[in-house]
Structure formats: C-alpha cells, structure tokens
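The sequence and the structure come first.

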Amino acid sequence: MGRIGYFGGTFDPPHLGHLAIGRAVLASGLADQVAYAPAYVPPHKQERKLSPFADRLAMTEALIRGEPGLWCCDLENRLRLFPSYTIEVLAAFRREHPADEVALVIGGDSLVQLPTWHRARELVAEYRVITFPRREWRPDWRELARFFGEEGAGRLRQGVLAVPFQEISSTSIRKKVEKGEKLDHIISEGVKTYLEKHGLYRGTEAEERKNQR
C-alpha cells in the first residue's frame, strides 16, 4: 500500500515552485508519490482563456520528468466534471488506486477557504490534507476547529509542511513570455523548450486587456 498526494491545479504554465512543492511533500514523509493533475475547465466557463489541456499536461510532464515519485494524472480531463468538486475527483482517483492511501495537496490560501468547500467536513474526515505555506497566509485555527472540530483541525495542522515556499506566479510567467523577458530560475528547461516550440502565451497580455474592457 502506497500513499499518494493528489496535487491539482491549472498549471498554465507549471513552474519550479510547483516542482518544489512535490519535492517537499515527498521529503515530509506524508506521501510516497505525488500525482500532478491539471484541472479540466470547460472552454465556455473560463474567466480567462486557458491553454488547452493537452498543452498543460505536456508541460507538467516536462517539469517533473526524471523526478522520482512525481507523475502526471489526466483524470480531471477524463472526468470532465462541471462543477468539479474536489471530494468527487478524489473519490474517482481512489477508485483507480484502491490499494493506496490518497491525500490532497493544497496551498495555504485554500486551507483558509476550506470550510466553504463542497462537503468540506466529509473531505477532511476522509482524506489527509497536506498544505504548503503561501506568503502572508494566516489560518485561523480556532475558526477551523469550530468548523471541523478539534480533531479535524488537529489533522489539518499536522499536514502543514514546515518549509518555505518559493512564490512564483504563472500569471507573471505568461506576462514575461509576452514581453520576451528571461525565464531563468522560474521554469524548467523542458517547459521553456515546450513554450518556445509551441508559441504559447504570445499575445496573452493583449488578449487579457481586451477581455477586461
């Protein structure tokens, strides 16, 4: 029986901060593997135009290639749920990995908002939650204890990684590509090569300004 951390996100693009998270989860001993799972978002329900799922999956594969214990999962694209509730995605993932213990990997900002999630109490009772810190995140543990109970809040606290987090923004990367700026030390060479080959994010900034009018 293994322990898999399910790490979902848009990964548009994936960057070295995402890679650091997977490494930190493994180093913590809370999981033996981390499954990176690009999110499925219906084209007609996007606040901004995301890159196609195939591109985001390929870039994520390029980011973690050769990294022991890290792998990509296309589950959300196969499920195509909308709305996509985390507890339903995890249940589907667990069905595909019945011999493994499944945990959820989230950021500190998501931990703060966790009480607002669909079937949040059930989610925390059913799955370990592994949280990576974010800049200026301040969870209210008393409020979390009121919602999830002392035991639930204690489990959440135990899942917080005691590591610094490298703050890198996918939005800033898209803007740098648009402006032709250097991407050293924020994305992997594999992701950089993919961006250059497929011309992703060219014109992204202009398109976003247009959509905001």
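Arg146 and Glu143 lie three residues apart in helix α7 (residues 141-158), which puts about one helical turn between them. In this predicted model, the two side chains form a salt bridge, with the closest N and O atoms 2.6 Å apart. Arg146 counts as exposed because its relative accessibility is 58%. Glu143, at 38% relative accessibility, counts as partly exposed.

**Salt bridges**

The count for the model comes to 11 salt bridges.

| Pair | N to O distance |
|---|---|
| Arg146 and Glu143 | 2.6 Å |
| Asp32 and Arg3 | 2.9 Å |
| Glu101 and Arg128 | 3.8 Å |

What does the bridge between Asp32 and Arg3 tie together? The side chains of Asp32 and Arg3 meet at 2.9 Å, N to O. Asp32 belongs to the loop between α1 and β2 (33-38) and Arg3 to strand β1, so the bridge connects parts that are 29 residues apart in sequence. Asp32 is partly exposed, because its relative accessibility is 37%. Arg3 is also in the partly exposed class, at 26% relative accessibility.

The side chains of Glu101 and Arg128 form another salt bridge, at 3.8 Å from N to O. Here Glu101 sits in strand β4 and Arg128 in strand β5 (residues 128-132), so the pair ties together parts that are 27 residues apart in sequence. Glu101 has 29% relative accessibility and counts as partly exposed. Arg128 is partly exposed as well, with a relative accessible area of 29%.

Salt bridges also link Asp74, Arg78 and Glu96 in a network.

**The sheet**

In what order do the strands of the open sheet run? The order is β3-β2-β1-β4-β5, five strands with parallel pairing. β3 (70-72) and β5 are the edge strands; each has a single partner strand, so one side of each has no neighbour in the sheet. From one strand to the next, the twist averages 30°.

β5 pairs with β4 in the parallel sense over five bridges. Within this pairing, Val105 has Ile130 in β5 as its bridge partner.

**The largest pocket**

Rolling a probe the size of a water molecule over the atoms shows where empty space is left. The largest pocket holds about 1200 Å³ of space. Its lining is made up of 42 residues, and those nearest the centre are Gly8, Gly9, Thr10, Ala39 and Ser110. Elements that give two or more residues to the lining are the strands β1 (3-9) and β4 (101-107), together with the helices α1 (16-28), α4 (86-96), α5 (108-113) and α8 (170-179). Sorted by class, the lining has 20 nonpolar, 14 polar and eight charged residues.

**Backbone geometry**

Most residues other than glycine have a negative phi, and most peptide bonds are trans. Several sites in this model depart from that pattern.

Where are the cis peptide bonds? One runs from Asp12 to Pro13, with omega near 0°. Pro13 is in the loop between β1 and α1. Another cis peptide bond joins Phe82 and Pro83, again with omega about 0°. Pro83 is placed in the loop between α3 (75-79) and α4.

Positive phi values also occur in residues other than glycine. Phi of His185 is near 70°, and this residue lies in the loop between α8 and α9 (189-198). Phi of Tyr201 is likewise near 70°, and Tyr201 is found in the loop between α9 and α10 (204-212).

Is His185 buried or exposed? His185 is exposed, because its relative accessible area is 68%. Tyr201, by contrast, is buried, with a relative accessible area of 6%.

Definitions and conventions: Residues numbered from 1 in each chain as written. Predicted model: local features only at pLDDT ≥ 70, side-chain atom pairs only at ≥ 80, totals over all residues. Heavy atoms only, no water. 1 Å grid on protein atoms, 1.4 Å probe; cavity = no way out; pocket = protein on both sides within 12 Å on 5 of 7 lines; lining within 4 Å. Points joined across faces, edges and corners; volume = space filled by probe spheres on them. Helix = DSSP H or I, 4+ residues; strand = E, 2+ residues; numbered from the N terminus. Nonpolar A, V, L, I, M, F, W, Y, C, P; charged D, E, K, R; others polar. Salt bridge = Lys/Arg side-chain N within 4 Å of Asp/Glu carboxyl O. Buried < 20%, exposed > 50% of the residue type's maximum accessible area, 1.4 Å probe, protein only. Pairing = 2+ DSSP bridges. Axes fitted to C-alpha atoms, helices over the stretch in contact; angles between N-to-C directions.
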